Each structure stands twice: as C-alpha cells, then as structure tokens.
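Work through the following exercises with the structure open beside you, and try each task before you read its solution.

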Amino acid sequence: MLSQLLALFAFVAGISAFQLQQRQPILLCWFLSAALNASHFMVLGQLAAALFVGFTAIRFLVAAYYPKPILMWLFIVLSTLLLWLTYQSPLQLLPFLAAIVGTIGSFQQKVLLVRTCMAIGACAWIYHNILVGSPVAVMMELAFLASNLVGFLRQRRKEQAQQPAPQKPK
C-alpha cells in the first residue's frame, strides 16, 4: 500500500511537470516525482530500479541548474557504471535505457527535444513496470506519456505561432 501511495504522489508531481512550459520548472517537478518514485521502487524491493530513479532525481536537479554537456556525459558514464555494479537480470536494461535517454533529454535546451526524450524513457518504464507488477506505476507512466503529448503539441503550436509568416514571392 505504501509503495502505491508513493507512486500516486510521484504521479501528481510528474503530471504537473508535463503541463509546465519552461525547462527549469519542468525539471524541478520531475526531480520531485523521481525522488518519490525511487522510494516507491525501494518499498517494492526493486533495488536497481530505485537506484536508477534516485539517480534520475539527482540528474534532474543538476540539469535544472547546470545544463552543461560535460555533466550530461558524466551522468551517462555514471548510469553505465551503476548498471555494471548492480546488474542481475535483463530487466535492469529497461531502467538503464530510460536513464540514458532521459539524461540526454534533461540536458537539452529545446523543450520539444526534452519532451521527446522523456517520451521514449516513459515507454521503457511502462514496459518495466508491467514486468515488475506495479499497476499504479504503469498508469502513472501512461498518464505521463499522454500528458507529455499534450504539452508537446501545445509547445509546438506556441513555437509555430511565434515564427514569422513566410513572405509570398512577388
């Protein structure tokens, strides 16, 4: 019950993030969501997933304030090291994939690219959460994916509206 409650709070923070339109507030809400989700996986006894999501929370926090490419590469190397140190089954490759794609996305400046990477990571987490038997986490990631799509489309329309209209040839 506690694990599902933590996943529910992570869900609320994550949904809130996807409706924001600026990079730093999005990443800060994702930090909160990931920290709660890491606790969720810890309670479920999924140590590798808890470590990856906890590491993801730290990554979101760092990326929110210091979006430097060297830090992106540091997090990719550290994620790979974490996989190497904790590897026990192929199931752990899904959180690793989500971590790598999420790392790349977290350090991008363009919000649409951030959202695209997070959508790919969400798909990996959906599959992982199905396999570990966490229905609330599956629903959370599906809602994140849908909310991300809504935010993506809204952001795309906003950017298109801000572009000057093309000039007609005379």
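**Exercise 1.** Determine how helix 2 and helix 6 are oriented to each other, and list the residues through which they meet.

*Solution.* Begin with the axes in this predicted model: those of helix 2 (residues 23-44) and helix 6 (residues 111-132) come within 13 Å and cross at roughly 10°. Since angles under 35 degrees count as roughly parallel, helix 2 is therefore roughly parallel to helix 6. Next, look for the contacts: on the side of helix 2 they involve R23, I26, W30 and F41, and these meet V111, V114, R115, M118, W125, H128, N129 and V132 in helix 6.

**Exercise 2.** Carry out the analysis for helix 1 and helix 7, giving the angle, the distance between the axes and some of the residues in contact.

*Solution.* The axes of helix 1 and helix 7 (residues 135-162) lie 9 Å apart, and the two helices pack at an angle of about 5°. With the cut-off of 35 degrees for roughly parallel pairs, helix 1 and helix 7 are therefore roughly parallel to each other. Among the residues of helix 1 that take part in the contact are L8, F11, I15 and F18, while the residues they meet in helix 7 include M139, M140, F144 and R154.

**Exercise 3.** Find which residues form the nonpolar patch on the surface, and decide whether F9 is buried, partly exposed or exposed.

*Solution.* The patch is formed by L2, L5, L8, F9, V12 and V43, which together have about 540 Å² of accessible area. Its largest share, 5 residues, comes from helix 1 (residues 2-19), and helix 1 is also the place of F9. Because the relative accessibility of F9 is 45%, a value between the limits of 20% and 50%, F9 counts as partly exposed.

Technical notes: Residues numbered from 1 in each chain as written. Predicted model: local features only at pLDDT ≥ 70, side-chain atom pairs only at ≥ 80, totals over all residues. Heavy atoms only, no water. Patch = residues over 30% accessible without salt bridge, like charges linked within 9 Å, V, L, I, M, F, W, Y side chains within 5 Å. Areas by Shrake-Rupley, 256 points an atom, 1.4 Å probe, with all protein chains shown as cover. Salt bridge = Lys/Arg side-chain N within 4 Å of Asp/Glu carboxyl O. Helix = DSSP H or I, 4+ residues; strand = E, 2+ residues; numbered from the N terminus. Buried < 20%, exposed > 50% of the residue type's maximum accessible area, 1.4 Å probe, protein only. Axes fitted to C-alpha atoms, helices over the stretch in contact; angles between N-to-C directions. Parallel < 35°, antiparallel > 145°, perpendicular 65-115°, else oblique. Contact = heavy atoms within 4.5 Å.
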